[in-house]
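Here is a quick tour of a protein for anyone new to reading structures. Have a look at the picture first, then come back to the text.

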Amino acid sequence: MAPHYDIAVVGYGPTGLAAASLLGRLGNRVVVCERWPALYGLPRLTHIDDETARTVQAAGDVDDALRDSSLCEYLWVNGKGETLVRIPANPDGPMGYPDHMSMYQPDVEQAIDKQLRGYGTVDVRQGWAVTGLDQDDDGVTLRLCGWNTETICADGPDDEVRARYVIAADGSRSGVREMLGVEREDFGFNESWVNIDTEWLRPQPPEFAYGTQYCDPARGHMTINIGTTRQRFEFALLPGETREEMTAPETAWRLLREYHDLGPDDVRITRQLVYGFEARIATRWRTGRVFLAGDAAHTMPPYLGQGACSGIRDATNLAWKLHLVLGGSAPEALLDTYESERRPHVTALTHMAIGLGKVANTHDVEAAAARDAAFFAGKVPPPPPFPPLSGGVLRKEAGTPVGTLTPQGRIRLADGRTGRLDDLTGYGFTLVAAEDPTTALGPERLAVLERLGCAVVALDTARDLDGRHREYLQRLGAVAYLARPDFVLFGTAADSTDLGGLVDDLDDALSGTAKAVV
């Protein structure tokens, strides 16, 4: 009989790692199925924001994961090197991390992998490809086959695993998505760029300590720091240039010398390949008990730096909902809010990334000159802010920013423990109140919070070391706020008499008896 798990995660990139770790941390039995026998070991993503860093904090040792990270400001220039727009980086974002940072992906993946292997609840099966699946009313059976790294195909021994639910995080060419027959909507953006990753052989020059997008109609190109010791260079392929030509080592050195005056004495090339930038979203993200996440569900051009961040948001959104359903604290209908919440958000970011990609890939000289003139005249509006969640598991409140992200600062609890908020409260719901809410809530509502795994932080006994949470309550005009496990603001309590209603509304939303769940 096939071993039985709560959740099977297919794919062990950033999305799969985050999902497996969060679910394993909550005590769920998880199996990971990954065809490659080891972590990739090279950077694909280079940028994360403070929200993603907060998820890394929940899933692994964040200080170890980000040990070689640095601020990452973005500069967009035209072909003459003139600045079109500058996107600064805040070193202390609201989540407790810089809002734009470059990092070394293998460090992040290794930190999460190390932590989840210590839970005792996650079985990582690397070297096994998923070759088939069958669903029934009780679960999903995955058919596995050993992956041969020499022949690059599944020709090894056969096996099976069974799980109540499956998260398919197996990339843009998702085999699970194909097995389910799910199509993707193509937004019509397709560009090819060669990626050249390097390590500095000397101290990183100051002009490379940030990201620069060169919007040159002759050839778009960019460079971005990967922490402080590595650098990525990318160049758009011109008409007639082939993948074979652009992956030849001599091509990399020619481009590095021509555009940045760099040679073998300056950097060592660690990876060179051609990427196809695309924008596609799966037409459905759930098929029965199987959920698509990360690149399996959506891909976007890299110009916003939100591709991997969006996949990790999928993991944080889906993990806590699966945990509640598996534990009997919520009906299965709660899982439908995964797509209804995430699809509008990632669609908006995809369109923003496409817009930036069109700026970077303006190949016509006259169109580029008109673009530059519009930037210089201040006629180009800044990118819109990231959208909040507009539906799903949210309290219906007028005049409050439900669906936006809640902050994280450092606190000291009454027992003397000190640290980041999430490190002291855990991965789950969190009620932050100006004063002890015990009396106002009463035993029944406190029992609801305990059943949901909700931590309670009272700022009259816990010291708000950064003042960040009291300031947030003041901005909200509230005595308390309730945050979801994915850091989203569920709702607020205007005064102590509203605290009970806030907890009741959360319970109703999760049980499916309130209109808050759509």
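## Before we start

This is a predicted model, in which local features need pLDDT of at least 70 and side-chain atom pairs count only at pLDDT 80 or more, while totals for chains, interfaces and linings use all residues. Residues are numbered from 1 along each chain as its sequence is written, and side-chain values use heavy atoms, with hydrogens and water left out.

## The whole protein

The protein has 14 helices and 26 strands. These are DSSP runs numbered from the N terminus: helices are H or I with at least four residues, strands are E with at least two. Its C-alpha atoms fill a box of roughly 70 × 60 × 40 Å, taken along the principal axes. For 518 residues, a compact globule would have a radius of gyration near 24 Å, and the protein agrees with its 24 Å. (That radius is taken over C-alpha atoms, and the globule rule is 2.2 Å times the number of residues to the power 0.38.)

Of the 518 residues, 56% are buried, meaning under 20% relative accessible area with a 1.4 Å probe and protein chains only; exposed is over 50%, and partly exposed is in between. Contacts here are heavy atoms within 4.5 Å. Among contacts between residues at least 6 apart in sequence, 71% join residues at least 24 apart.

## Two nonpolar cores

A nonpolar core is a set of buried Ala, Val, Leu, Ile, Met, Phe, Trp, Tyr and Cys residues joined through side-chain atoms within 4.5 Å. The largest one has 115 residues, and those touching the most other members are Leu 66, Trp 76, Leu 142, Ile 167, Leu 322, Phe 429 and Leu 510. Helix 8 (residues 307-326) gives the most to this core, with 10 residues. A second, separate core has 15 residues, including Leu 459 and Tyr 472.

## Helix 14

Helix 14 covers residues 499-511 and reaches 19 Å from its first C-alpha to its last, close to the 18 Å expected at 1.5 Å a residue. The expected span is 1.5 Å times one less than the number of residues. Among its buried residues are Leu 502, Leu 506 and Leu 510. The buried residues of helix 14 pack against helix 8, strand 22, helix 12, strand 25 and strand 26. Just after the helix, Gly 512 takes a positive phi of about 85 degrees.

What does the side chain of Glu 341 make a polar contact with? A polar contact is a pair of N or O atoms within 3.5 Å; within protein, one must be able to donate a hydrogen and the other to accept it, and residues adjacent in sequence count only if both atoms are side-chain atoms. The partner is the side chain of Lys 321, at 2.7 Å. Glu 341 sits in helix 9 and is buried, with a relative accessible area of 3%. A polar atom of its side chain also lies 2.9 Å from the backbone nitrogen of Val 393.

Ser 21, in helix 1, counts as buried because its relative accessibility is 0%. A polar atom of the Ser 21 side chain lies 2.6 Å from the backbone oxygen of Ala 59. Asn 225 belongs to strand 14 and is buried too, at 1%. Its side chain makes a 3.0 Å polar contact with the side chain of Ser 70, and one of its side-chain polar atoms is 3.4 Å from the backbone oxygen of Leu 71.
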